[in-house]
Amino acid sequence: MPQMMRHRGFQIALCVLLLLYIFCNQRGLSAYSQSSSQNSHATPLPSSKTQTGPGLAVHDSDSHLQAYMPRVSPAMLRYSHIKYAVYFLQSGFEILAAYLFLQFGLAKALRAKAEGRTSNLFGQLLIFVPIFYVYIFLATLPLRFYSGFWLEHSMHLSEQPFWGWFEERLKFLVLNIATELPLWFLLFFSLKRLPKAWPYLIFGVSLPLIVLAVFAAPIVFDPVFNDFTLMTKSPVRDHINALAAKAGLPEASIYICNHSKQSKKINAYVTGIGASARIVLWDTTLQKLPEDEVLAIVAHELGHNVLGHINCGCVITALFSLCMLPFNIYCTPALVRRLPKVWQIRDLTDIALIPVVVLASFIVSFLGDPIINGYSRRIEHEADAYGLQLTGNGPAMARLFVALSEQNLSEPDPSKFIEFWYFSHPTLKERIKFALAKN
Ligand SMILES: [Zn+2]
C-alpha cells in the first residue's frame, strides 16, 4: 500500500509540475500558428473536445465524392503510418530520456557540478540547462534524423542537404536554450526569494509572456530558418487582396516563405498577433496549386484571423494558468517532497527539479494531445466553413484537400484512433465531403 500511495503521489506531482512548466513550454513558440496541413501540431491549448465534424450529406458511395478522393498510393500509406509510429516512439523516447536522467543520478550530479562552480543562481542554470537540453537533444536525435531527414528524402519529399537540416536542428536547440534559460531563472529566483508569493508571480507573468512569444514568433524566430517576403503585385495577389477585403481584412499581410529549401510539401498558415499577424504561404504552394486552390487555402487562413483563433489560444492559456494558481499554492510543495528518494530532489528551490518538470511536461503533453487536437480539429473545421463561405467555391476547396493529401503523402482516411490522438485537422476525406456537401 505505501508503495502504491507513493506512486500515486508521484503521478499527481508530475501533473502539477507541468503547471509550473507551462509558461516555458517548449511548444510555446510554435503553438500559435494555424496551418492548413493535416499533421501539423501547431495548435493552441485545449478548451474542450467538441469536434463537430464536417457535414455528412454526401456518402462514400456518392460518385461525385469518389471523383474527388485522393489517389491513395502504397507510398502514401507507408509514409503516413511511419509518421504515426514515429510520433508515439518520439514521445516515449523523450519521456524515457528525462526519466533516466533522474533515475541514474545525472540530475543530482549536474546540480553538484553547477553548485560547485558558482553560488550564483543564473550561473548555475547556465551550466545545468544547456547540458540537460543537449542531453535530451542527443537522446532523441536518431529518431529525428530518421523521420525528419532520411524518411523525407527516401519519399522524395525533400532535397535539403544533410548539413542544412542539421544546422536547423542546432538552431532550434540554441533558440530553446536562449529563450527558456531566462524563464527558468525567473522561476527559481521567485521560488527562492518569494516562497509564498511565487505562484502569483508566475500567474502574473504568464499571459504577457505568451502574448510576447506569439508576437515575436514570426518576426524574430521564424526568420532564423527561412526568408519571408511580402507577396509582390500580381493577378493572384490582386485576387487575394479582394478576398481579404471581402473578409473585412483589406490590410492583411500575405508573406511568401521559401520553404522549398526544406520540403516539397505544400502548406500555408496564419501566425503572429497584433502588428505581427500575417498569413504565410509556402512558395511550394504557389508553385504547385492553381489560383482557385490558392484562394481556397488563403480563405481558410483568413477564417482563422476573422474568427480570432490566435487570440482564443492566448485566452485559453491564460485561463489554464489561472487554474494552476491554487495547485501551486496548496499542492506543489507537498508533492515535490514525495518525489522518488533516488532522485534526491531537496526542495522546490532545487535546480535538479528541472528534469522533473520537463519529464512531467512530456508526459502530460503526450496524454493531452487528444484533447488539444480535438479542439484544433474543431477550429480547423470552423476555418474551413468560413473559407468556403468566403469563396463559395466548394470544388476548388475539395481539389485543394486532394492536393494536400497527394503532395504531402497524407493519408486521407486514417483509423479513428489515429485521428483522435494525432490529427490536428479533420481528416482530408471529411474535409472533402464538407467542401462538396455545401455545393
Ligand atoms: Zn487551419
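This is a short tour of a predicted model, stop by stop.

**The whole chain**

Show everything as a cartoon. The protein has 16 helices and five strands. Of its 439 residues, 38% are buried. Now think about contacts. Among those with a separation of 6 or more, 82% join residues 24 or more positions apart.

**Colour by confidence**

The mean for the protein is 86, and 85% of residues reach 70 or more. Where is confidence lowest, and where is it highest? Helix 1 (residues 2-21) is the lowest, at a mean of 42. Helix 5 is the highest, at 97.

Select residues 1-32. The pLDDT stays under 50 here, and the model gives this stretch 67 contacts beyond four places in sequence. Next select residues 39-61. This stretch is also below 50 in pLDDT, and it has 64 contacts in the model beyond near neighbours in sequence.

**Helix 3**

Select residues 74-103. This is helix 3, with 30 residues. Take the distance between its first and last C-alpha: the helix reaches 42 Å, close to the 44 Å expected at 1.5 Å a residue.

Show side chains for S80, E94, A98, F101 and L102. These residues of helix 3 are buried.

Then step past the end of helix 3 to G105. Its phi is positive, near 80°.

**Helix 8**

Move to residues 235-246. Helix 8 has twelve residues. From first C-alpha to last, helix 8 reaches 17 Å, close to the 16 Å expected at 1.5 Å a residue.

Pick out I240, L243 and A244, which are buried. Now turn the view to look down the axis of helix 8. Its buried residues fall within an arc of 100°, so they line one face of the helix.

Which elements meet the buried residues of helix 8? Bring up strand 3 (254-257), helix 10 (291-306) and helix 13: the buried residues pack against these.

Definitions and conventions: Residues numbered from 1 in each chain as written. Helix = DSSP H or I, 4+ residues; strand = E, 2+ residues; numbered from the N terminus. Expected span 1.5 Å × (residues − 1). Buried ≥ 20, exposed ≤ 12 C-beta atoms within 10 Å, placed from the backbone. Contact = placed C-beta atoms within 7 Å. pLDDT = per-residue confidence, 0-100. Arc of directions from axis to C-beta.
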